[in-house]
Amino acid sequence: LPSPSLPSSMHLIQVDSVQRWMEDLKLMTDCECMCILQSKPISIEKDEPNELILSSQYSTCDNLQLLLKRAWIISTELTRIAQKLDKNRWQRVHSMTVRVNCHVRSMINEYNTFTRSSSEEMHQLEKLLVDKCSEFTAFTERCLQAEDEEILKSMKSCVNETLTTVARYFGQLIELVLTHETQNLLRQIELSGSLYVMESAISSLFSLAQEGAHLCRIIAKEGGVVSLFKICRQDCFRCLYPQTLRTLASICCVEEGMHQLEKVDGILCLADILTDNSHSEATHAEAAAVIAQITSPHLTFTQHLSSFLENMEEIVTALVKLCQEASSGEVFLLASAALANITFFDTMACEILLQLNAMKILLAACSDKRIVDTPYSRDQVVTILANMSVLDQCASEIIQGNGVQLLMEMLFEKSSSGNPAEVAACERVQQKSAVTLARLSRDPEVADAAIKLSCIPRLIKLCRSPTERNNSDSVLVACLAALRRLAVMSPGGLEDSDFQQLVKPRLVDSFLLCTNMEESFV
């Protein structure tokens with residue numbers, strides 16, 4: 001039967017779903033038997049062909065995932081030990097130390113069953129870590145037997161020091177193992193002439209990159225970006241382009257990846273791929289994803305992308321074409337996301353988009369529910385419209401493409417699933433559509449069209465009803481700004497109370513008034 005304390009244990013190790021718990025259950029429950037076996041192999045003869053190797057059925061990718069999962073558990077347990085140590089819960093500290101000891105031995109044993117070669121440095125670190133874990137376990141056992149508070153207090157600092165050492169050795173070993181495996185994968189990509197081996201290695205590299213920024217830094221540092229761009233410059237590997245570009249997009253979320261991309265003229269390579277019509281749509285879409293990644297406004301290290309400006313017109317032209325010809329919502333999303341980011345990256349992009357009739361193409365795409373099918377896609381479109389709306393010539397394009405109607409519809413954007421990411425995307429759509437209306441309404445023709453479409457009542461509703469804007473302050477500010485702009489054009493379109501509360505006061509006073517309109521259920 002499950003332990004009554006199981007829910008609190010789940011809370012402590014911060015497992016955020018039953019699914020994650022189910023995945024980790026086997027690893028978490030191996031501890032007791034492994035403590036007895038001390039991770040000794042079942043086979044007596046070392047070279048016996050029928051030796052039981054649990055991980056032999058898995059690929060390199062699966063083995064690395066197993067290693068990372070085991071590492072995650074050990075890291076979590078070490079954190080919990082520190083927490084229990086602070087509270088002087090020695091019984092729990094000791095039992096968790098035993099568990100960590102077991103997991104460390106299991107991790108090393110599992111890794112050594114599938115790795116082809118490991119360095120002397122790695123063996124030394126493994127020995128240091130295992131010895132220190134054994135010392136740690138013995139130390140906490142002695143603490144259990146100590147009854148004198150003063151002795152326990154003096155031992156506690158030693159336990160803390162040992163814990164820190166275990167954590168340091170563990171971190172160094174994981175870093176070394178991941179670097180070693182990354183080097184192996186890159187060696188396969190560089191030296192293997194087999195498409196199958198290369199595809200498998202790229203897939204494993206992609207899985208590693210999904211584990212977070214630290215892994216991406218290791219891959220970039222070991223030359224991953226250079227190796228992947230070599231593939232993208234050889235026609236004989238065209239079938240690997242989509243997978244290779246997808247991996248590059250993941251790695252280039254870190255500064256080290258971006259520096260490597262710049263060194264190998266990656267922007268020029270991406271521009272060549274995007275403008276080459278002989279490539280598949282999948283390849284173009286993945287190249288667009290790399291562009292979207294490296295131009296993300298959330299990154300603080302894009303300043304060095306000087307070569308991007310040299311190729312921007314070609315890239316923007318190719319992305320607009322990809323939006324126009326997209327066969328699916330996913331392709332459109334990647335292409336439009338890249339365009340949206342570029343409009344933040346450089347203002348010249350907006351002028352290029354205007355010359356390419358991008359406004360007309362994007363507005364037409366929005367009427368096709370098969371292509372623009374999610375709030376995420378609409379978020380990209382309205383971002384482009386908002387950034388382009390600073391140009392005076394945009395007003396006539398918006399009128400011709402029935403864009404005011406689209407912006408009005410976007411003010412009603414609501415999440416159908418309640419998913420937090422989707423809700424956030426809906427808020428952004430509402431906010432940016434209001435911003436775009438505010439900017440474009442300096443043109444009397446746009447303002448007149450917005451008023452005729454009843455934009456004013458909708459903006460008032462968004463200001464006065466927190467639930468309509470999902471309690472978003474950014475949506476409120478944008479709606480107040482748009483409302484004030486339209487009120488200048490049509491003062492008679494507002495009731496006196498709306499004018500007195502939402503238009504006449506300073507914007508900050510209207511904002512405070514609207515944020516205090518939330519109902520209290522206390």
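Modeller: Start with Arg458. This is a predicted model, and in it Arg458 has a relative accessible area of 6%. The cut-off for buried is under 20%, so Arg458 counts as buried. What does the side chain of Arg458 meet in a salt bridge? The partner is Glu468, at 2.8 Å from N to O. Arg458 lies in helix H24, while Glu468 sits in the loop between H24 and H25. The two are 10 residues apart, and the pair links distant parts of the chain.

Stay in that loop for a moment. Asn470 also has its place between H24 and helix H25, which spans 473-489. Its relative accessible area is 38%, so Asn470 is partly exposed.

Ser454 is not a glycine either, yet its phi is positive, at about 65°. At 38% relative accessibility, Ser454 counts as partly exposed.

Back to charge pairs. Side chains of opposite charge can pair when their charged atoms come close. The count for this model comes to 19 salt bridges.

One joins Glu77 and Arg80, with N and O 2.8 Å apart. These two residues are 3 apart in helix H4 (residues 60-86), so about one helical turn separates them. Both Glu77 and Arg80 are buried.

Is Lys127 buried or exposed? At 55% relative accessibility, Lys127 counts as exposed. Asp131 has 39%, so it counts as partly exposed.

Then comes a charge without a partner. Glu422 is found in helix H22. Glu422 is buried, yet has no salt bridge. The nearest side chain of opposite charge is that of Arg378, 7.7 Å away. What does Glu422 contact, leaving aside neighbours within four places in sequence? Pro375, Tyr376, Ser415, Ser416 and Ser417.

Helix H22 covers residues 420-440, and Gln431 is found in it. Gln431 is at 25% relative accessibility, so it counts as partly exposed. Beyond its neighbours within four places in sequence, Gln431 is in contact with Ser474, Val475 and Ala478. Gln431 also lies 10.0 Å from Ala386, C-alpha to C-alpha, though 45 residues separate them in sequence.

A second pair shows how sequence and space can part ways. Lys153 is found in helix H7 (residues 149-191). Lys153 has a relative accessible area of 58%, so it is exposed. Its C-alpha is 9.4 Å from that of Asn88, which is 65 residues away along the chain.

Next, look at how two helices meet. Two packed helices are described by the angle between their axes and the distance between the axes. Take helix H8 (residues 195-209) and helix H9 (residues 213-221): their axes come within 8 Å and cross at roughly 135°. That angle makes H8 oblique to H9. H8 makes the contact with Leu205, Leu208 and Ala209, and H9 with Leu215, Cys216 and Ile219. By class, 6 residues of this contact are nonpolar, none polar and none charged.

Helix H10 (residues 224-231) holds Ser227. Ser227 has 5% relative accessibility, so it counts as buried. Past its neighbours within four places in sequence, Ser227 is in contact with Leu186, Ile189 and Glu190.

Finally, step back to the whole chain. It has 27 helices and 0 strands. There are 522 residues, and 50% of them count as buried. Consider contacts between residues at least 6 apart in sequence: 73% of these join residues at least 24 apart.

Note on methods: Residues numbered from 1 in each chain as written. Predicted model: local features only at pLDDT ≥ 70, side-chain atom pairs only at ≥ 80, totals over all residues. Heavy atoms only, no water. Axes fitted to C-alpha atoms, helices over the stretch in contact; angles between N-to-C directions. Helix = DSSP H or I, 4+ residues; strand = E, 2+ residues; numbered from the N terminus. Parallel < 35°, antiparallel > 145°, perpendicular 65-115°, else oblique. Contact = heavy atoms within 4.5 Å. Nonpolar A, V, L, I, M, F, W, Y, C, P; charged D, E, K, R; others polar. Buried < 20%, exposed > 50% of the residue type's maximum accessible area, 1.4 Å probe, protein only. Lys, Arg positive; Asp, Glu negative; His and termini not counted. Salt bridge = Lys/Arg side-chain N within 4 Å of Asp/Glu carboxyl O.
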